[in-house]
Amino acid sequence: MTNQDSNTNLHKKLAADNSLPSEIKKLISKSLTRRNVLAGVGAAGAAATLAACGGGGGSADANTVRWANWTLYLDYDSEKQTYPTLDAFEAQTGINVSYKEDVNDNDEFYGKVQGQLSLGKDIGYDLVVLTDWMAARWVRLNYAQKFSADTVPNKKNIIPTLASPSFDPNREQTLPWQTIMAGFTWNKEKIPGGIKNFDQFFAPANKGKVEVLSEMRDTMGVIMLSQGVDITKFTEDQFMNAIDFLQKKIKDGFIRQVKGNDYKEDLISGDAIAVIGWSGDTFQLATENNGKFGFAIPEFGGTISSDNMMIPTPSTNAAGAQKLMNYYYDPVVAAKVAAYVNYVCPVAGAQEELLKIDPALGNSEFIFPTAKTSAKLNIFRGLTAAEETKFQTAFQTAAGNA
Amino acid sequence: MASIRGVSAKSFGLKDNKSALPYLLLAPGLVYLAVFFIYPIISLGQMSTKTSSGEIGQYKQSFRFANYVDAFLESKEQFSRSFIYATIATVLALAIAYPLAYAIAFKSGRWKNVLLVLIVAPFFTSFLLRTIAWKQILGEEGPVIKVLRGLHIISPQTTLTATSFAVVTGLAYNFLPFMTLPLYASLERIDPRTLEASGDLYANGFTTFRKVTLPLSMPGVVAGTLLTFIPAAGDYINAAILGSPSNKMLGNVIDARFFKIVDYPTAAALSFTLMAAILILVTVYIRKAGTEELV
């Protein structure tokens, strides 16, 4: 297909797309001379600017669900430039979904919408996806609407380990979108024996070449678990004990860095040979590097955290958002998403469905932990505002940042 | 009141118009300063004395000036590290940039423009990318460490990244053009006849440099060191990418206080303290260096 053909096709598709505002469709359906395109871009830009004034995801519309999610977190057809499961939902229900990859960081997103939330004003989204601890804060501040099994019947499909976190014991305000395990990731060439505990992780040969996550809950969760602490209900003393352990390992030069997602680069460059890392990352890293990296949940247990779907209190289309949540808790749909995103799937029954699509992925321990594995995964308990500040300060101090 | 106003308008009207012109011309700059400097500074000052109102990220004004003391005491290690690293990096940059600028100004002949472009060219790439590139170059699988280990200059256990060495050299590298260009500008302006005169008066090369070249290039030295030292002291990218938890600078602390701990008052107090400290140091330095041409 020539470039021009593909342009024409895209042009037709966009013109037929019901989710686009009519002004933009009008512009697209005009013949695409260079002059028109340039004028159109200007006008579309102006339209987008105006739309942006209405809030992050656009202004409220009874038939549109405005959804804010993280990047690369929904099945995407790069050839057709569509989200297949989302298109199917729209066709099935007649509800439009305005899908925006607007969440880059929990704190940053919170900073953007917190002002409106506290005033009870529309934040421009009917559905947001935020990590457990941030979700806990939303629940505490009553920023998330309640939903019931009547309106979201598929919520019964949630896997048992995720069914009752301390911040939302009955899953009435939050529902996991995808789930991430934290454990040990290592370079198989440098550490052929693998890593199961901290004795192996902090072996003298690894000095200065191990890293831990800057996500406090994962790093501190794993350390506390190694000390036999139940992280679903630890005390401040237990947390501070674990901080002392971390601080000592940093002072002694064992831990090279406390890092976010970019620990991946250090693993590839060889600067780090073992890290406390995330399962999904390791899975993708191993695929990209001829299976060079291994991942294991520590023998004393690992952490599991989820990014949760929530309906902001001021949302005017809770009904549509609930239908959308319900749709993604259908195992058939969840399997399609899991096949693309490769994170732990929170929906029971999706495994059977994924086995039909891709047996290798369907059997992956990273996507569908077995009951034995799940028993080793723990959710970090919710923190009060005072604890959050105190613990985060202690953690950042240990990391040299405060 | 009215008559006074009438008189003043009548008698000074023309003069007022005349004197208003410079202010009108200044207006865009003043508005810019008001919006992007004065307002943020005031808001930063207000934030720095607030205390928590119970919820994360929400603070109430309680004029707690002890925030400054607490913030400083909690981060004094990173504070002193920022100034030590920035000083070493500035000296290092000066040591590299002076001969470089000298060579370009006096010895490069027709290659002058090419050399200047070569100095500036890498800086068309983002600061962040260049720092990440250094991490790769100095990293475990990088060429430098392999050569050094191969030649037994460093032991197999020694690493180059995640050290203060990497942070300081990163700072020196990243701000090198800010040192080189002002130095070049003032060296280039030196009249070669002053150097010839110095030779005619039986001064040797070293004496000529000490008595003629260096004093004449002082405005460049002062401008270069300031342009290097100030951003280096507030930098956090180099420490974050090339350092370890033991090499963090004050910029990293401010970053973490703002975005990780969501402790805006401490972050604001630290920002203010850093600004004040730099201002004092720079004032003392300029007084000592005494470069009227610069200020």
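How many salt bridges are counted between chain A and chain B? In this predicted model, the count is four. One of these joins D266(A) to K135(B). The closest N and O atoms of that pair lie 2.5 Å apart. Polar contacts were also examined. Eleven residue pairs are in polar contact across the interface of chain A and chain B, with both residues at pLDDT 80 or more.

Several elements of chain A build the side that touches chain B. At least two residues each come from the helices α5 (106–118), α6 (132–140), α10 (263–269) and α17 (385–398). The strand β6 (255–259) likewise supplies at least two. The largest share belongs to α17(A), with six residues. By class, this side of chain A holds nine nonpolar residues, ten polar residues and ten charged residues.

In chain A, 29 residues are in contact with chain B, and 29 residues of chain B take part in turn. The area buried between the two chains is about 2400 Å². Carbon and sulfur atoms give 46% of that area.

Chain A itself contains 17 helices and ten strands. Its sequence runs to 402 residues, of which 54% are buried. Contacts within chain A were sorted by sequence separation. Among those between residues at least 6 apart in sequence, 72% join residues at least 24 apart. The accessible surface of chain A comes to about 17400 Å². Carbon and sulfur atoms account for 53% of this surface.

Conventions
Residues numbered from 1 in each chain as written. Chains lettered and ligands numbered in written order. Predicted model: local features only at pLDDT ≥ 70, side-chain atom pairs only at ≥ 80, totals over all residues. Heavy atoms only, no water. Contact = heavy atoms within 4.5 Å. Buried area = accessible area lost by both parts, 1.4 Å probe. Salt bridge = Lys/Arg side-chain N within 4 Å of Asp/Glu carboxyl O. Polar contact = N/O pair within 3.5 Å; in protein donor to acceptor, adjacent residues only side chain to side chain. Helix = DSSP H or I, 4+ residues; strand = E, 2+ residues; numbered from the N terminus. Nonpolar A, V, L, I, M, F, W, Y, C, P; charged D, E, K, R; others polar. Buried < 20%, exposed > 50% of the residue type's maximum accessible area, 1.4 Å probe, protein only. Areas by Shrake-Rupley, 256 points an atom, 1.4 Å probe, with all protein chains shown as cover.
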